[in-house]
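This report is written for a reader who meets the structure for the first time.

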Amino acid sequence: MDADVIVVGGGLAGLVATAELVAAGRTVLVVDQENEANLGGQAWWSFGGIFLVDSPEQRRMGIKDSHELAWQDWQGSAQWDRLDSEHDEDHWAQQWGRAYVDFAATIKREYLTGKGVKFTPMVGWAERGEGKAVGHGNSVPRFHVPWGTGTGIADPFVDLAREAAGRGLVTFKHRHRVDELITHDGTVTGVRGRVLAPDDSARGVSSNRDEVADFELRASAVVVASGGIGGNHETVRKYWPERLGTPPKHMITGVPAHVDGRMIDITAEAGGRLVNRDRMWHYVEGVHNWDPVWPGHAIRILSAPSPMWFDALGRQLPAPYLPSYDTLGTLRYLRTTPDIAQYDHSWFVLTSTMIAKEFALSGSEQNLDLTGRDVKAVLKSRVSKAVPREVQAFVDQGVDFVTADTLPELVAKMNAITDEPLLDAELMEQQIVARDREIDNRYTKDFSVGAIHNARRYRGDKLSRVTAPHKMLDPKHGPLIGVRLNVLTRKTLGGIQTDLESRVLGHDGAPIPGLYAAGEAAGFGGGGVHGKNALEGTFLGGCIFSGRAAGLSVARSWG
């Protein structure tokens, strides 16, 4: 054997599994088609949010959370409906969901801090939901931001793997593309594929696919932790769910091109069962990166509730399709409403006051104060009335941003950056003026304005995230800003079905000996731990939870 265990994928799930295996004294081969610069995978690029329940950070912010409330929210969001028998697609997903909430409410924070992760005092209120207590969404803020953003989560596990490599327990096989899982008498015993030519491209940059040699590696177990399909638009379109209408003709990409989903189908060829392939998580608040790293590189806007959201024809979206509320509900509305489904974009309209406080950009490279762990810079940016420099760069240079002193001028500029002028200034003015009339009181019948008041009842949002309600057309808060929003591909919610020990299951429901899966390739656990919707802060956590389960399970298999 070349090692005790082969881990396919050098992202977060694979490195967490590696950490557990090394702690048990096992030798590990980490095989990845990209170069060393990409260790940590997509987690490195992320904002780093972590879903925790009843944490010290929540309690300090006056948030009353509980395991029962979190499980209520998770079930309302997941909406598992493929449960007729023990072999159905959601059978293990539901069990993973319950186990994950247990993990988030008990040892998850201790596990991460024990690895060196440190959390900021901020707890964000992401994915606020569809407006029903038993429906989709977080009832309370649970989005914990680490110092270092995504690097603060990924780097400790990268460091652990590199330290273990120095002790001879881990060997990295970069630029090794796995094309096949080797089986013998029904047991997975290794991998084979092609060595790719050396490529010293920077992290995330598309690398060459020049093949220079064959390879074959053997081990007692293989862990597939290769990520999802978000970088492969052809596969996204192939499995696009009917409930979300038709996929956009134009999509932008929130993950590097190497996030191609190849290993999911390769696992199926070895007998693994794939489930819930029509479940995926894409954002509708994507903008083209003015300084792209990979082809179609997109950034998601994480907005608080104040901006007005309009469809391609200039009509405000109905509740609950507001910024920060219901990701897939909004995507479904935009892709299934007959007279707008043919258009691939929607719009934010907001004031300069709003953008200074309410716009955050997803990504470690878009939050240099947090990523650099610069406490003074973070404090300054949160109390300053100035637009954060990363956001201002998009305002100044992004192709999706326009600014103007008056609404007619703004609408004209918005129309100028689409294929045809669809927006009517008078219609948009009627809606904005009507909304502005609702600002005169601290109560309202307007759901979008009420969302601002509700958000500001939470101390964290009032201090650093949500502006005081003000009139959109008040010149004191100008100039006005329009942002064209695009669908951004991101996460795979279905995939390889696994039991609670991350063992890959065959079509008969029995584990395939020697084969394990973790992270996004396994739907973050069980082939669909999130069900139909995610609560945010749960993707990195799912990689950690399923990767940990895989590492512990493989280590136990030696007795």
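The following sections describe a predicted model.

**Nonpolar cores**

The largest nonpolar core holds 139 residues, and those that touch the most other members are Trp74, Phe401 and Val483. Helix H19 (residues 539-556) supplies the largest share of this core, with nine residues. Apart from this core lies another, made of seven residues that include Ala126, Val145, Trp147 and Leu370. In soluble globular proteins, nonpolar side chains tend to be buried together. Trp74 is in contact with Phe51, Trp80, Gly97, Tyr100, Val101, Val529, His530, Leu535 and Thr538, when its neighbours within four places in sequence are left aside.

Helix H15 spans residues 407-416, and its buried residues are Leu407, Leu410, Val411, Met414 and Asn415. Viewed down the axis of H15, these residues fall within an arc of 135 degrees, so they line one face of the helix. The exposed residues Pro408 and Ala416 are carried on the face turned away from the buried side of H15. The partners against which the buried residues of H15 pack are strand S16 (345-351), strand S18 (401-404), helix H16 (425-437) and strand S19 (480-492). At the start of H15, the backbone nitrogen of Glu409 has a side-chain oxygen of Thr406 within 3.3 Å.

Thr351 belongs to strand S16. Thr351 counts as buried because its relative accessibility is 0%. Although Thr351 and Thr403 are 52 residues apart along the chain, their C-alpha atoms are separated by 9.4 Å. Not counting residues up to four places away in sequence, Thr351 touches His470, Lys471, Met472, His477, Pro479, Leu480 and Ile481.

His144 is part of strand S5 (residues 143-146). With a relative accessibility of 1%, His144 counts as buried. The side chain of His144 reaches the backbone oxygen of Arg142 at 2.8 Å. Among the residues that His144 touches, beyond those up to four places away in sequence, are Gly48, Ile50, Phe119 and Met122.

**Strand S10 and its partners**

In strand S10 (residues 221-224), Ala221 and Val223 point one way and Val222 and Val224 the other way, and all are buried. In a regular strand the side chains alternate between the two faces of the sheet. S10 pairs in the parallel sense with strand S1 (residues 5-8) over four bridges, and in the parallel sense with strand S22 (residues 511-517) over three bridges. Val223 stands opposite Val7 and also opposite Tyr516 in S22.

**Salt bridges**

The count of salt bridges comes to 39.

Glu211 is partly exposed, with a relative accessible area of 41%, whereas Arg177 counts as buried at 12% relative accessibility. Arg194 lies in strand S8 (residues 187-196) and Glu211 in strand S9, so their pair ties together parts that are 17 residues apart in sequence. Arg194 is partly exposed, with a relative accessible area of 21%. A network of salt bridges links Arg177, Asp179, Arg194, Glu211, Asp214 and Arg262.

Technical notes: Residues are numbered from 1 along each chain as its sequence is written. This is a predicted model: local features need pLDDT of at least 70, side-chain atom pairs count only at pLDDT 80 or more; totals for chains, interfaces and linings use all residues. Side-chain values use heavy atoms; hydrogens and water are left out. Helices (H or I, at least four residues) and strands (E, at least two) are DSSP runs, numbered from the N terminus. Buried means under 20% relative accessible area, exposed over 50%, partly exposed in between (1.4 Å probe, protein chains only). A polar contact is a pair of N or O atoms within 3.5 Å; within protein, one must be able to donate a hydrogen and the other to accept it, and residues adjacent in sequence count only if both atoms are side-chain atoms. Contact means heavy atoms within 4.5 Å. A nonpolar core is a set of buried Ala, Val, Leu, Ile, Met, Phe, Trp, Tyr and Cys residues joined through side-chain atoms within 4.5 Å. The arc is that of the directions from the helix axis to the C-beta atoms. Two strands pair if DSSP finds at least two bridges between them. A salt bridge is a side-chain nitrogen of Lys or Arg within 4 Å of a carboxyl oxygen of Asp or Glu.
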